[in-house]
Amino acid sequence: MHTLPALLTALPTASAVGGWWLIAGLVVAGAFAALFTGTGRRRAVPHPVLRVAVWGLLAAVAARAFAAVVFPQYDSLAAAVVIVVTGGGVILGLAAPPASRRAASAVLLLGAASFAAICATVDPPPTVVPVPADDTSAASSFAVAGLFVAPMLVLDPAGSARRGLARVAAAVVATCAVAAGALYQLGPQRLAVSDAPLHDALAAADAAVLTTMLEAFVVVGTLTAVLVALASARRAASAGPRPRILVGAVVAGAVVLASTVDPVVVLAAASVVAVTSSVLGWVQAGQNGGRQNGK
């Protein structure tokens, strides 16, 4: 579910950077995340404080994605309110039960499949060139991957390798399907300047009547993502120093970021922290294993 806010936030930027190569970028992000599943050496974001930071950044992105769709004229204020209300509930013990999280994930997968099917079965407007010749290259896919790798790295908080791989695979398929549908209907140039890419794609496919349904999917996905992110931050903080202070700082920081900073910048920062923690954890685990073998 954390990939939905990333799509709503970064799809135009990814299109501007990579064009149709953004599909490859999503696959690259998923492949990198697949390397860091489970509880062994290659564990995703193993450092507790950095993991808390990543969850806080993703919560800010999800809150802003919700506000941009539901309250576009007051997105900064609405995002801050969402973080304050949800963060207060999490501090008091609120959490999303596993059954509700699975239900939300199933609903979002259904929504992604429906969106992709609608876009694929309707010819794009005549002004849209399906695969335009542009200046993007395969290298741009790695820049796109940097925007989406953090949401995919945290898809397996329980540490189960098999379940983590399944979640990453489902996220890659769903995000690629949605991105391809939007690209097919709008083209990279128009998608790159869209303020509401999924809404504009439905409108291009003569399915604007489904906008309300799309907003319902967005509300379910983004609000659940905010709750899961902050609850996960609280759990991760319990393994670090001064957990209550750390959680409070994360909520306060998320409020500031959600209301003042461009969500694409926040998402990129989350990816930088997540990748850095994962790689450093892998290196440190290898060094510790080498020392034990040496003894």
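## Helix H5

The buried residues of H5 are Arg 101, Ala 104, Leu 108, Gly 111, Ala 112, Phe 115, Ala 116 and Cys 119; buried means under 20% relative accessible area, exposed over 50% and partly exposed in between, with a 1.4 Å probe and protein chains only. Helices (H or I, at least four residues) and strands (E, at least two) are DSSP runs, numbered from the N terminus. H1, H7, H8 and H9 are among the elements that cover the buried residues of H5, where contact means heavy atoms within 4.5 Å.

The 24 residues of H5 should span 34 Å at 1.5 Å a residue, and its end C-alpha atoms are 35 Å apart, which agrees. The expected span of a helix is 1.5 Å times one less than its number of residues.

## Model and overall make-up

This is a predicted model, in which local features need pLDDT of at least 70 and side-chain atom pairs count only at pLDDT 80 or more, while totals for chains, interfaces and linings use all residues. Residues are numbered from 1 along each chain as its sequence is written, and side-chain values use heavy atoms, with hydrogens and water left out.

The protein has 11 helices and 0 strands, so its elements read α-α-α-α-α-α-α-α-α-α-α from the N terminus on. Of its 295 residues, 49% are buried. Among contacts between residues at least 6 apart in sequence, 83% join residues at least 24 apart.

## The kink in H7

Helix H7 covers residues 161-192. A straight helix of 32 residues would span 46 Å at 1.5 Å a residue, but the end C-alpha atoms of H7 span only 35 Å. A kink of about 95 degrees lies at Leu 186, shortly before the proline Pro 188. The bend at a residue is the angle between axes fitted to the seven residues ending there and the seven starting there.

Rolling a probe the size of a water molecule over the atoms shows where empty space is left. On a 1 Å grid over the protein atoms alone, a cavity is a set of points where a 1.4 Å probe fits but cannot get out, and a pocket is an open set with protein on both sides within 12 Å along at least five of seven lines; lining residues have an atom within 4 Å of a point. Grid points are joined across faces, edges and corners, and a volume is the space filled by probe spheres set on the points.

The largest pocket holds about 1,100 Å³ of space. Its lining has 44 residues, and Met 1, His 2, Ser 105, Leu 108 and Leu 155 lie nearest its centre. At least two lining residues come from each of H1 (3-18), H3 (48-70), H5 (98-121), H7, H8 (197-204) and H9 (211-237). H5 gives the largest share, 11 residues. By class the lining has 30 nonpolar, 7 polar and 7 charged residues; Ala, Val, Leu, Ile, Met, Phe, Trp, Tyr, Cys and Pro count as nonpolar, Asp, Glu, Lys and Arg as charged, and the others, Gly among them, as polar.

The second largest pocket has a volume of about 490 Å³. It is lined by 20 residues, of which Leu 8, Thr 9, Ala 68, Asp 195 and Ala 196 are the closest to its centre. H1, H3, H8 and H11 (263-294) each supply at least two of the lining residues. This lining divides into 11 nonpolar, 4 polar and 5 charged residues.

## The cavity, His 2 and Leu 58

The structure holds 1 cavity of 30 Å³ or more, and the largest cavity has a volume of about 40 Å³. His 2, Pro 5, Ala 6, Leu 58, Val 61, Ala 62 and Leu 267 line the largest cavity. H3 supplies the largest share of this lining, 3 residues. The lining has 6 nonpolar residues, 1 polar and no charged.

His 2 sits in the segment before H1 and is buried, with a relative accessible area of 8%. Not counting residues up to four places away in sequence, His 2 touches Trp 55, Pro 151, Val 154, Ala 225, Val 228 and Ala 229. Leu 58, in H3, is buried at a relative accessible area of 5%. With the same exclusion of residues up to four places away, Leu 58 touches Ala 150, Pro 151, Val 154, Leu 267 and Ala 270. Leu 58 and Pro 263 are 205 residues apart in sequence and 9.4 Å apart in space, C-alpha to C-alpha.

## Asp 206

Asp 206 lies in the loop between H8 and H9. Its phi is near 55 degrees, a positive value in a residue other than glycine. Most residues other than glycine have a negative phi. At 71% relative accessibility, Asp 206 counts as exposed.
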